Amino acid sequence: MEDYKYIVEVMLKHLDEGIIVADTNANITLYNEPATNIAGITPHEAIGKNVLDIFRDLTPETSTFYKVLKNKEPILNHVQTYLNYQGKKVSTLTSTIPLIREGEIVGALEVYRDLTQVKELSEKIINLQSQLFKKDHKKKVYCGNGTTHTFEDIIGEHKEILKLKEKGKKVADSSSPILVYGETGTGKELVVQAIHNYSKRRNKPFIAQNCAAIPKTLLESLLFGTCSGSFTGAKDNPGLFELAHGGTLFLDEINSMDIELQGKLLRVLQDGMIRRIGGSQTFMVDVRIIASTNEIPSNLVEQKKLRNDLYYRLNVIPLTIPSLIERKEDIPLLISHFINVYNNKLYKNIQGLSSEAMAVFCQYHWPGNVRELRYTLEGIMNFVEGEIIQIDDLPVDLLKNKPLIKKEEEIYEKEKDLPPLVEAIKDYEKNLIQKAIEQANGNCAKAARILDIPRQTLHNKVKKLSIEWKTTTK
Ligand SMILES: Nc1ncnc2c1ncn2[C@@H]1O[C@H](COP(=O)(O)OP(=O)(O)OP(=O)(O)O)[C@@H](O)[C@H]1O
Ligand SMILES: [Mg+2]
């Protein structure tokens with residue numbers, strides 16, 4: 001019995017957890033040394049004190065000891081933060097158990113695990129994460145011009161992309177018009193913003209106007225501005241050309257602009273002057289025009305959707321962005337870029353794709369180009385739980401084009417279908433000898449002649465290969 005008491009004492013002393021036992025009045029009767037770190041008072045001082053004298057910001061209503069003594073029910077894994085005896089804020093995970101002897105409550109026992117460090121650490125992580133998040137967002141605001149992209153944001157190492165970036169940088173400071181062509185989602189807007197932010201106009205306005213989005217007359221007044229009285233309800237309004245003065249005006253989907261308006265645009269491009277609708281005054285504007293189309297410009301001219309004189313004026317600097325399928329090599333790079341983006345946004349820790357899933361991504365034709373790839377990944381990453389995106393995580397549209405990839409086991413199975421070379425040679429030899437014996441009608445010398453080997457060799461082989469000396473009569 002003495003031994004048993006000694007063992008318990010040693011255990012209590014060396015546990016990681018603090019143990020406090022209190023009687024029915026919540027006065028402490030047992031208190032182990034590890035509890036000192038949590039409660040901030042030594043066992044010697046603690047014994048005999050009421051729990052509320054130690055945890056002084058607790059009350060009979062909030063103290064787990066009091067609750068358990070009153071309700072006679074345990075309270076398990078309870079997380080609480082309070083000031084300890086020394087006034088230090090501690091967080092603990094406690095389990096409080098009623099001590100019942102012969103049906104009568106005789107006290108309560110509380111086991112404490114110190115969570116202070118864990119809690120501090122997790123708060124630090126949350127804090128750092130939110131700082132990172134803010135930083136991420138800050139990084140995306142440039143010069144107050146409303147744009148977010150630079151050449152660094154253009155991901156890709158395909159030679160056409162590298163050339164495009166190089167060309168874009170070279171022409172950034174020129175004021176000559178640019179015509180950007182690329183299928184939908186290839187990054188036209190990205191490239192145009194990058195050029196603006198690389199140019200000396202970067203601190204001046206960047207205005208983007210989609211020419212397909214609004215009706216012809218509205219687009220005209222939007223571009224050139226209006227003077228009061230020019231038409232009912234018209235006010236004195238500067239147009240986008242005026243507003244973009246000193247900066248860049250990006251005319252997106254230029255092919256959707258009305259042909260007549262295209263003529264007016266050409267005039268501005270040629271003499272740099274604009275006149276508001278209904279106005280008599282002309283202004284000189286310094287605006288760099290960048291236009292874009294998602295159809296091949298020369299085809300648009302042929303189809304008369306783009307005036308050829310405007311085409312020649314805009315096409316001074318043509319920039320073509322390759323579609324994603326033309327630069328498949330960049331797919332893994334883009335994937336890891338967007339996985340990074342969405343790991344940060346979605347607080348995930350995805351490391352990549354399985355080789356099978358990667359093969360599907362590389363094989364798919366991506367009609368929506370980089371935009372489609374980006375949002376496909378975002379969708380997938382919302383659901384993935386592991387660290388690797390597996391083939392089962394991919395949307396059906398992607399899987400329709402699933403390439404014929406052989407799994408390792410399948411390849412192995414196939415390998416297993418082939419007999420080892422020695423076996424195959426033996427079979428072949430056996431087969432030949434049998435055929436020769438048949439043709440020679442069992443005549444050993446003749447069979448040896450057919451096979452062009454000595455008789456003795458034939459005998460040896462027949463024996464070694466356990467060939468039956470069968471004959472057929474022709
Ligand atoms: N090379 C790239 N690197 C990183 N992100 C890219 C790249 N190309 C495109 N993106 C991303 O793809 C999306 C679509 O790009 P963007 O809007 O520039 O395409 P677009 O060519 O203007 O498309 P649309 O013709 O439909 O207007 C954006 O989220 C953009 O950031
Ligand atoms: Mg666009």
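Helices α14 and α16 cross in a right-handed way: the near helix is turned clockwise from the far one by less than a right angle. Helices here are DSSP runs (H or I, at least four residues), numbered from the N terminus. This is a predicted model, in which local features need pLDDT of at least 70, side-chain atom pairs count only at pLDDT 80 or more, and totals for chains, interfaces and linings use all residues. Residues are numbered from 1 along each chain as its sequence is written, while chains are lettered from A and ligands numbered from 1 in the order in which they are written.

Stay with this pair. Helix α14 covers residues 331–346 and packs against α16 at about 45 degrees, with the axes 10 Å apart. Axes are lines fitted to C-alpha atoms over the stretch in contact, and angles run from 0 to 180 degrees between N-to-C directions. The two helices are therefore oblique, which leaves out angles under 35, over 145 and from 65 to 115 degrees. Among the contact residues are Phe338 of α14 and Leu377 of α16; contact means C-beta atoms, placed from the backbone, within 7 Å.

Now turn to α7 (residues 159–171) and α8. Their angle is about 40 degrees and their axes lie 9 Å apart. This crossing is right-handed. In α7, Leu164, Gly168 and Lys169 meet Val191, Ala194, Ile195 and Tyr198 in α8.

Where does ligand 1 come in? Both α8 (188–198) and α16 (369–383) supply at least two residues each to the shell around ligand 1. Of its 16 residues, Ile155, Gly187, Lys188, Glu189 and Val370 come nearest. Near means a C-beta atom, placed from the backbone, within 6 Å.

Key: Two residues are in contact if their C-beta atoms, placed from the backbone, lie within 7 Å.
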